[in-house]
Amino acid sequence: MIEVKNLVKKYGNHIAVDHLSFTVEDGQIYGFLGPNGAGKSTTMNIMTGYIGATQGEVFIDGHNILTEPELAKRSIGYLPEIPPLYVDMTVLEYLNFAAELKKIKASERKNAVEEAMSLTRLDDVKTRLIRNLSKGYKQRVGLAQAVLGMPDIIILDEPTVGLDPIQIIEIRDLIKELGKKHTVILSSHILSEVSAICDHIMIISHGKLVASDTPENLMQMMKGGHTLELLVKANPTKVREILKVYKTNNIVSQEIQKGEEEGTTAVTICLGEENPDYDIREDLFYLFAENKSPIIMMQLKKASLEEVFMELTGAEEEKQEKKSHRIGLFRKNIEKEAEILVNGDSSPDPEEQEDENNDSDL
Ligand code: ADP
Ligand code: MG
């Protein structure tokens, strides 16, 4: 079991890890999910004793990683973001060397190396120099080093980064295999990867833990549930009147707007969770048909884990902010052009000039 208590890591004024606390139970696959720069590697480096924390404590099976590093590290195997491979050694030489460093007893070393090589399917290349191996094989050597001696906890920092799709599938299968007997913690900025492999997801954003749950529960967390989008061949006033008649407690909110196509209206309905199995699509079909206003498109959109992730990491807000900033600029430019048309050109406003420059990197 791992206990991380109130961890803080500062680089100068920059807070890379911001009061992080969590517990990792035995025998599950955990995923640290977060955008680049979220603080995943920093957290893993502190948990494994690679770097010190500014504040906070880490206990591995009850041993403090700072005050009892030997005991704490004994149960951890770690694959850092950039594995420390000695490329002028053969695979076998390197793994023997790593076994020595890990203080695996001389009598058990041969078995341990063979076990790690067979698990990561390195037997065929064991006499090759690491420098001559492909990226995928190098990654396997890093993994073999991490699983050497079969530690209870295996920590893998972005284990599939830079690999091709076939290698990614192989490494994922290997991680799932490892998860049957070990506690595995892996980090990734790829949502589909974490949700495919992990039993438990911890979403990290700006050094903070913003969610920690099973993939299923995270999807449930998405407020508002599902949305239903309709396109109706009628004007907005008529659509509003038709919908007024329809009474159900399963609609949380609705938005009615003129559709892009002439004579159509777009409706977005947010469905509630009170009566999740009741499908209102059939009701709506008959209701609009009776009113001679055909529904020409109807689509149910389920909340995805992707949306939960975007919402929790603030990515969606940032996107919206940029969008409204752009719309603001667009308006400003139109107003400026209109003014020029009416009053003639005037010297540029320095503030607007700056805004335009900022817009270039949007
Ligand atoms: P992740 O692994 O989630 O991509 P990192 O833990 O590598 O994120 O980085 C978290 C933040 O800390 C980033 O803003 C990064 O620039 C900063 N950072 C990481 N290592 C250092 C360092 N050695 N010196 C200064 N800043 C660092
Ligand atoms: Mg990283």
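I call a residue buried when its relative accessible area is under 20%, exposed when that area is over 50%, and partly exposed in between, with a 1.4 Å probe and protein chains only.

**Ground rules.** I am working on a predicted model, in which local features need pLDDT of at least 70 and side-chain atom pairs count only at pLDDT 80 or more, while totals for chains, interfaces and linings use all residues. I number residues from 1 along each chain as its sequence is written, I take chains lettered from A and ligands numbered from 1 in the order in which they are written, and for side-chain values I use heavy atoms, leaving out hydrogens and water.

**Metal site.** I looked up the magnesium ion (ligand 2) and found it coordinated by Ser 41 (OG) and Glu 81 (OE), at 2.1 to 2.6 Å. Ser 41 lies in helix H1 (residues 40–47) and Glu 81 in the loop between strand E6 (76–79) and helix H3 (91–101), so this pair ties together parts that are 40 residues apart in sequence. Helices (H or I, at least four residues) and strands (E, at least two) are DSSP runs, numbered from the N terminus. I then checked accessibility: Ser 41 is buried at 18%, whereas Glu 81, at 45%, is partly exposed.

**Ligand 1.** Around ligand 1 I listed the residues with a heavy atom within 4 Å of it, among them Tyr 11, His 14, Lys 40, Ser 41 and Thr 42. By class, this shell divides into 4 nonpolar, 6 polar and 1 charged, where Ala, Val, Leu, Ile, Met, Phe, Trp, Tyr, Cys and Pro count as nonpolar, Asp, Glu, Lys and Arg as charged, and the others, Gly among them, as polar. H1 gives the largest share of the shell, 3 residues.

For polar contacts I take pairs of N or O atoms within 3.5 Å; within protein, one must be able to donate a hydrogen and the other to accept it, and residues adjacent in sequence count only if both atoms are side-chain atoms. An oxygen atom of ligand 1 lies 3.1 Å from a polar backbone atom of Ala 38, and a polar side-chain atom of Ser 41 is 2.8 Å from an oxygen atom of the ligand.

**Strand E13.** I found Thr 265 in strand E13 (residues 265–271), buried with a relative accessible area of 0%. Its side chain reaches the backbone oxygen of Ala 234 at 2.6 Å.

How values were computed: Donors are N, O and S atoms within 2.8 Å of the metal (3.2 Å for Na, K and Ca); water is not among the atoms, so sites may look incomplete.
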